[in-house]
Each structure stands twice: as C-alpha cells, then as structure tokens.
Amino acid sequence: MSGGPALTSSIPVLRIFDYPRARAFWTERLGFRVIEEGGDPPRFGIFARDRAEVFLNGWDGPDPDPGEGWRAYFHTDDVEALAASFIAAGVTLANGPETMTYGVREIEVLDPDGNRLCFGQVLQTTPT
C-alpha cells in the first residue's frame, strides 16, 4: 500500500483510571505539557513533550471493550484518499469520514482483534 496518502505521525492512546493523578504524573514528573483537555471535569487529555504526544483517556471506565475508545491515533495528510485505499483493500470503516468540532477530519477502523484505530487529518484554517 506504499505510495498512497502519508501517515505523518502516530500517537499512543493510554487508558487511565484517575485523570488528575495521571495528569500530574505526565506533567510534573515526565515533563509533558497539556495541549488540550476534554470533559468537565477533564477525563481526556492530549500531552506533548518535544515532538512526542500521548493521549490519556479516562472516558472508557474500568474495563472497556477493546472496540470502545481509540487504541492508537495516526495523523495523515489526506484522510479521504486513505479511507478510499482502506476500502479498496477490503477494510470496513467503523466511522467517518467525519469532520470533528476540534478541526480534524477522521476515520476509524477496527483491527482483527477489535482495537479501534483513528486516522485524522488536521484541517487548514483560514486566518480571519
């Protein structure tokens, strides 16, 4: 499948059980900074250090089905072409393509073990 749309990075999605504790560990001990958080109070966060990112997901609960919640997130430069290439290869999309409120167009697929993988393209915004 080489020569198709590029995957430009991957991000692990870690399940956590105590968001404030996990946030403190990643920021105070590992030196990551908060990029974005979701929920009120927050239960999901995007953290970065240098060029590395991690998603901390506390929305799944204590024992989620592997098909619930992302297990990995991949950035791509062309999500529509990637979706088409997956479909041509016999992959059924679990979701998408869908433009999300946070400015990313995403698709989701399930691997043979039911792990949910998300592929997203950051949409370019026009300066106002």
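Author: We may begin with a loop of this predicted model. Pro 41 lies in the loop between β2 (33-39) and β3 (42-49).

Reader: What is omega for the peptide bond that joins Asp 40 and Pro 41?

Author: Most peptide bonds are trans. The bond between Asp 40 and Pro 41, however, is cis. Its omega is about 5 degrees.

Reader: In which strand does Pro 97 lie?

Author: Pro 97 also takes part in a cis peptide bond, which runs from Gly 96 and has omega near 0 degrees. Whereas Pro 41 is in a loop, Pro 97 belongs to residues 93-99, that is, to strand β6.

Reader: Is Asp 50 buried or exposed?

Author: The relative accessible area of Asp 50 is 67%. A residue counts as exposed over 50%. Asp 50 is therefore exposed.

Reader: How many helices and strands are there in the protein?

Author: Along the sequence, the pattern is β-α-β-β-β-β-α-β-β-β. Here α stands for a helix and β for a strand. The protein has two helices and eight strands.

Reader: What percentage of the residues of the protein count as buried?

Author: A residue is buried under 20% relative accessible area. The protein has 128 residues. Of these, the share that counts as buried is 32%.

Terms used. Residues are numbered from 1 along each chain as its sequence is written. This is a predicted model: local features need pLDDT of at least 70, side-chain atom pairs count only at pLDDT 80 or more; totals for chains, interfaces and linings use all residues. Side-chain values use heavy atoms; hydrogens and water are left out. Helices (H or I, at least four residues) and strands (E, at least two) are DSSP runs, numbered from the N terminus. Buried means under 20% relative accessible area, exposed over 50%, partly exposed in between (1.4 Å probe, protein chains only).
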